[in-house]
Amino acid sequence: MAVLPPGVSQRTLDAALAEWRSAIGSEWVFTSDEDIYGYRDSYSILWGTDEERIPSAALAPASVEQVQQAVRIANKHKVPIYPVSTGRNLSYGGPSPNVRGTVVLDLKRMNRILKVDDTRNFCLVEPGVTYFDLYNYIQERGLKVMIDLPDPGWGSPVGNSLDHGVGYTWGPFRDHFVSHCAMEVVLPNGELLRTGMGGMSNADTWQDYKYGTGPSTDGLFGQGNFGVVTKMGFWMMPMPEAYLRGMVYAPKFADVIALVKTVNFLEDQGIIGMPNYGSPARTAALPFNKPADPDLLALMANGYPSVEQVDAYVAKKGVPAWSVQLQFYGPRKTVEANWEYAQAKMREAIPGATFDGVYRTDLPVPKERLDEVVLRHMGIPALEIFNIVSRNESHGENPPDGHNNCVAIVPRTGESLMTFSKAVIEGMRAVGDMRPWSPFTTPATWHPRTFLCGPSVFTQRNDPESNARNKRLYESLVDTYAKYGWVDYRCTHAFQDRVVSKYDFNNHALMRFHELLKDAVDPNGIISPGRYGIYPRSMRRTRA
Amino acid sequence: MIGKLGLVGLVLAGIATAAVAATPIQPRARLPGDPPAGASGAALVQHGDHAFQYYCAPCHGGFEKNLPGTHALAVKYKGERPALLEERTDLTPEFVTYIVRHGIEGMPQFRKVELSDANLAAIGAYLSKSK
Amino acid sequence: MTTEPTSPGASRRGVLQAGAAAALASALPFTAAAAMAKTARFHKAVYDARFPEGVSFGAEMERGGTPTHAIKGDITPFYNSLYRQWKEAPTLIAGLTSANALFALELMANAAGMRVAFRAEQRLDRFGAPQWLLEGPPGLIDAAALSAADRDWGLFAARLAAACPARWSAPASSTAACAVASPAAVDERVTAWVLAPVVRI
Amino acid sequence: MTVLPPGVSARTFAAAVNAFKGIVGDQWVFTSDDDVFTYRDPYSILWDTDEERVPSGAVAPASVEQVQQVVRAANKYKVPLYPISTGRNLSYGGSAPNQRGSMVLDLKRMNKIIKVDDYRNFCLVEPGVTYFDLYNYVQDNKLDVWVDLPDPGWGSPIGNALDHGIGYQFAAYRDHFGAHCGMEVVLPNGELVRTGMGALPGSDTWQDFKYGTGPMVDGLFAQGNFGIVTKMGFHMMPAPEAFLGGMMYVPKHADIVHLVKVVNALEDQGLIGMPVWSSPVRNASFRNGVPDPDLVKLMADGWPSVERIEEYVAKKGVPAYGVRLQLYGPRKTIEGTWEYAQRKLKALVPGATFEEIAREDMPPSQELVDKLGHHYFGVPSLAIFSMVSRNEQNAANPPDGHNNNAAILPRTGEALMNFGKCVMEAYQSVGEKQTVSPFTTPITWHPRVFFAGPGVRISREDKEHNKRQREIYHALVNKFAEYGYVDYRTSPTYQDLIVSKYSFNNHSLRRLHETIKDAVDPNGIISPGRYGIYPKSQRTNRV
């Protein structure tokens with residue numbers, strides 16, 4: 001299956017490949033079918049179709065200088081390249097490019113950990129470094145810092161941050177783009193740039209102060225296509241003394257308003273780590289691997305139910321409508337006092353609130369207690385999530401190969417949680433998906449100031465019809481979200497054009513501004529064309 | 001081993017933790033609109049009072065200790081004149097206008113966009129009224 | 001592309017037919033693997049102790065002299081145990097885990113210079129009956145398909161793994177399916193596998 | 001004194017002024033000498049010289065639509081505009097433009113507080129809103145949030161954030177640009193852009209989620225000249241239950257290394273607000289700014305060894321360094337944290353001493369804010385001007401202003417122990433005979449770095465004084481750079497010099513800024529020269 005970059009002839013590609021081979025070594029330029037297979041997105045909803053974002057080749061430079069050369073060669077031949085760090089961004093495109101035929105620039109070989117400092121609490125890493133690498137480096141040296149990492153932990157801090165990725169601990173650290181501090185970037189013209197204090201060669205504050213003096217351009221490189229990031233710094237949390245977690249339950253459906261308000265209050269004062277919302281009522285309504293509760297089907301049968309109807313359902317099930325797990329990191333006495341304070345605040349706000357599931361440990365977690373904790377909450381990398389990745393449905397004959405998350409940015413209020421399911425149901429029914437759904441939406445709180453809500457759709461490599469159906473479902477969800485003022489914070493290539501088209505304030509003024517910048521910084525459009533809807537001039541079609 | 005500064009700190013700590021009658025924070029004045037067109041006399045003075053509290057009192061007030069305008073004038077006049085502008089009897093609207101529009105020492109000048117001519121006239125009237 | 005059939009439906013039918021054939025041939029003994037087991041040099045083997053197949057797979061590996069590592073679902077501890085080694089060089093390893101655990105490990109192994117050389121994954125056929133879907137080098141898969149399905153699958157998978165070449169040089173070229181006597185946890189798609197270092201030709 | 005924008009004729013300028021008047025009304029365009037005077041930088045070290053950044057006039061629109069129209073007219077006549085929010089950025093240029101002759105675009109009239117939400121804890125404001133206004137709004141509506149504000153509090157949250165300004169509470173809030181969420185910008189071509197979720201019509205998360213989907217351009221508009229910010233959101237902190245102030249002292253000079261390490265760990269875990277550093281031994285070494293003879297002796301023969309400094313500290317009999325920890329939160333929490341802080345420091349510095357100096361339920365009392373400072377409690381005040389206006393120390397010769405010179409230092413004790421040497425060398429390089437003490441105490445406005453450095457005083461009358469102070473400022477900046485330090489923010493007078501220090505790869509960062517400038521603002525009409533970024537036509541004489 002020969003694939004070419006758009007508008008590039010085989011001859012031009014071959015000429016570029018020849019130059020790349022001499023620049024970075026022929027063993028690091030991949031063109032065979034078998035090698036290219038490794039750069040396909042195993043979660044692609046377009047798998048095996050003509051639209052699948054298959055690269056024409058891949059390059060794996062070993063140094064910044066080689067990246068610069070590779071970029072200059074790409075410019076010379078106008079062959080687009082798509083940088084990946086570790087290519088582990090599954091559900092968001094993995095190692096595959098946005099536009100079919102783009103050459104992948106695989107930075108995995110650049111995997112040095114340049115510094116971890118536990119006096120000033122930061123690290124500086126290259127793109128090929130994984131969270132496992134960083135964790136092991138810290139363990140070997142006995143450094144007293146905690147990593148904030150996503151689950152699974154095989155990805156790259158650089159790659160994750162550049163896709164506005166997230167972690168699981170304390171607010172200022174789990175937004176991985178916010179917690180970054182400065183970067184080194186190869187610009188589309190091959191020039192090397194250091195942002196912030198890196199602009200001053202002898203400054204020892206590159207990972208301490210973000211801004212430097214003058215404007216800050218870092219934001220362009222997250223979810224953007226304005227350069228190739230080759231180093232990045234991150235702020236880290238000093239290892240806290242202790243950890244405590246406890247569960248809070250709220251009995252009624254409408255209690256979620258007070259529950260969220262109280263959690264927001266705790267979060268924004270920096271008292272808690274990531275809150276984990278749950279809904280015992282939903283578990284009763286849609287038990288794992290069992291048919292939906294008939295009472296739920298009755299509840300949802302005549303349009304979206306009223307609050308009273310939902311509360312009647314909750315009462316009948318005899319379980320709390322909502323729960324939230326609160327997590328505290330800090331000095332022993334501080335975490336105890338914070339948990340006590342949180343309970344007092346909850347009691348004040350929610351009549352009938354109950355509490356349990358208290359667990360305490362000193363940090364770092366002693367080896368013999370690792371089974372008792374969720375590793376990602378402790379900054380310990382894991383692959384555990386693959387245990388559950390496809391277990392939330394009964395898959396029968398044809399279990400899914402992957403999933404595409406369709407997660408919208410929703411205001412951090414109880415009211416929005418009470419109505420979110422309505423949108424999902426609308427989105428599903430619009431494409432004839434009649435599966436049961438509950439009114440209990442629990443959000444992810446990865447980004448500390450907002451809720452991220454929404455289902456995933458499954459992908460199936462050997463079932464293009466299922467993929468096509470799920471693609472329609474995904475698109476329907478995106479369209480429905482937009483009616484409510486919600487939109488995905490991140491998504492796989494197949495949906496990026498659609499998602500960014502929703503940002504249409506003042507006739508897509510923001511996108512037009514991005515395009516203005518793109519044309520100035522990358523006139524040949526060689527870096528990641530199409531990433532988050534930003535195309536070079538030559539590929540800019542009528543907007544969705 | 002605790003220095004002199006430290007001992008002072010300890011004494012103050014005693015006061016703070018003993019929770020002597022705590023005074024609530026003085027409220028700040030609210031943004032005034034312009035005085036009604038054609039306002040004069042007592043009405044203008046009254047409006048000028050409000051405008052003074054908003055625009056000038058944060059430095060020239062007496063509601064807190066050590067406000068910089070009041071403090072600077074205390075140092076400057078060494079008791080010859082009141083440090084508080086509101087207690088002065090020698091101010092004219094013209095003088096007030098000149099200082100406000102030109103600034104003096106650490107005090108910057110103020111622009112018409114932030115402090116309108118009409119409000120400045122009211123402040124002048126307020127500060128120059130007979131006490 | 002390479003291993004992935006371009007027309008999934010057609011290929012799936014082919015696989016199912018092979019499965020039917022294998023079921024018929026289930027009475028034949030499988031001795032070749034046992035004979036070759038000693039020649040395999042696994043650096044380590046991993047098994048998921050929640051599955052009965054896993055336990056017998058692990059036992060058979062230990063009998064053959066391979067150090068084993070038991071997990072309960074999460075593959076992370078096993079990966080951690082290989083982290084240093086894989087920084088230096090790829091290794092030959094085998095396992096019986098969930099398909100998801102293999103998925104995670106496989107991507108890490110790919111980056112360290114290994115490929116899946118053999119895979120036997122439990123799935124349901126279209127009638128809802130469990131079966132093993134085999135993938136690997138022709139000699140091995142043909143032998144397996146002709147062998148018994150109706151036996152201790154953990155043991156059988158360990159022997160198949162042991163018979164797998166210790167170096168990977170080409171994508172799996174043969175697939176087959178065998179019926180499974182006693183389904184364990186189909187939800188988790190129990191999978192036996194070999195990850196082998198790549199030899200570039 | 002009529003000043004015109006560079007390259008603009010009197011006739012074109014007059015036409016532009018007319019156009020502006022047609023948009024905003026005659027009374028909101030200012031070109032008379034008296035009016036222009038009010039836009040001069042009262043703290044300009046170039047006061048009354050030909051280099052002073054005097055504007056040609058000012059225009060004050062009342063709405064976003066008027067801003068757009070003014071920008072379009074400015075493009076037509078190629079008259080540069082310098083937007084200001086409240087113009088109170090004293091020591092950093094105030095209401096004056098970067099470039100002599102630019103027209104000030106005064107946004108003070110746009111002063112709506114659009115929203116303060118104490119459920120999700122944010123606000124959305126216009127540029128003309130001051131911290132006083134925001135505080136009053138919160139009080140009037142009995143909202144359960146604190147304002148994190150700079151000192152003095154008369155400035156604009158927007159203007160402050162856009163100059164990388166700072167406050168005094170928890171790290172997540174006191175970096176005001178870091179705490180912003182979403183903006184509305186008029187681009188140099190007059191187009192209106194909303195960033196982040198503001199670009200999604202019907203979205204209610206503009207002040208909750210910074211990024212939207214795709215790249216984030218917000219960083220371009222702070223200390224930049226790529227557009228005019230007309231609305232901006234900020235995250236706010238819910239009002240804490242209680243406050244505890246605790247002093248920690250270490251006896252020796254070299255103990256600062258441990259003290260910094262402990263405070264960093266507290267800060268980076270979010271356990272404290274802004275730490276306030278002090279040096280009792282330095283306070284004991286100066287009286288009214290005059291150095292103690294022992295200090296003069298210590299410093300007489302070049303930079304002293306650590307041993308000699310320790311002897312000096314021992315002789316003075318006071319602790320070398322102190323830090324005030326400010327703990328906000330639930331009553332028992334701050335107690336637990338205070339105890340932890342003491343335990344941590346004791347483990348590293350057995351001779352450390354501690355005092356609790358305040359503990360109060362919030363909101364704070366007048367006594368508490370008088371004692372510790374309003375700004376630590378989100379209460380706006382102008383009290384800080386008593387330090388720079390006439391006071392007992394400067395009674396004879398009060399300054400007319402000052403220019404801060406705060407360099408970015410790594411957050412280590414070692415950096416502090418060495419910084420005095422850097423200042424001393426800078427002074428020596430221009431023959432300045434001030435005695436510098438070896439005891440540097442930093443300011444930690446930006447939570448992950450130290451700021452340190454002496455400012456210079458301004459006089460409106462004495463041009464020679466200003467010239468000399470400018471030389472000193474330059475010498476300091478140049479010496480800082482040799483040590484890898486540079487100012488985080490500065491008056492337009494020094495911006496070219498400071499930005500020139502970011503020279504990595506032949507100034508590649510500035511070249512990127514210029515590439516963007518040319519694309520976004522081809523006529524160069526927004527704030528030419530701001531932080532060293534000039535339009536193409538003016539890039540001739542770079543430092």
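1. Let's start with charge on chain A. There are 56 positive and 59 negative side chains here, and the centres of those two sets sit 2 Å apart. Bear in mind as you read on that this is a predicted model.

2. Next, the surface of chain A. As for what's tucked away, 68% of the 544 residues of chain A count as buried.

3. On secondary structure, chain A carries 15 helices and 19 strands. Its radius of gyration comes out at 24 Å, close to the 24 Å that the globule rule gives for 544 residues, so chain A is as compact as a globular protein of that length.

4. Take the contacts between residues at least 6 apart in sequence: 74% of them join residues at least 24 apart.

5. Now for the assembly. Three pairs of chains touch, and the pair with the most contacts is A and D. If you're picking an interface to look at, that's the one with the highest contact count.

6. Which chains does one find apart from each other? Chains A and B don't touch, and their nearest C-alpha atoms are 20 Å apart. Chains C and D have no contact joining them either; in that pair the closest C-alpha atoms lie 27 Å apart.

How values were computed. Residues numbered from 1 in each chain as written. Chains lettered and ligands numbered in written order. Predicted model: local features only at pLDDT ≥ 70, side-chain atom pairs only at ≥ 80, totals over all residues. Heavy atoms only, no water. Contact = heavy atoms within 4.5 Å. Helix = DSSP H or I, 4+ residues; strand = E, 2+ residues; numbered from the N terminus. Rg over C-alpha atoms; globule rule 2.2 N^0.38 Å. Buried < 20%, exposed > 50% of the residue type's maximum accessible area, 1.4 Å probe, protein only. Lys, Arg positive; Asp, Glu negative; His and termini not counted. Charge placed at Lys NZ, Arg CZ, Asp CG, Glu CD.
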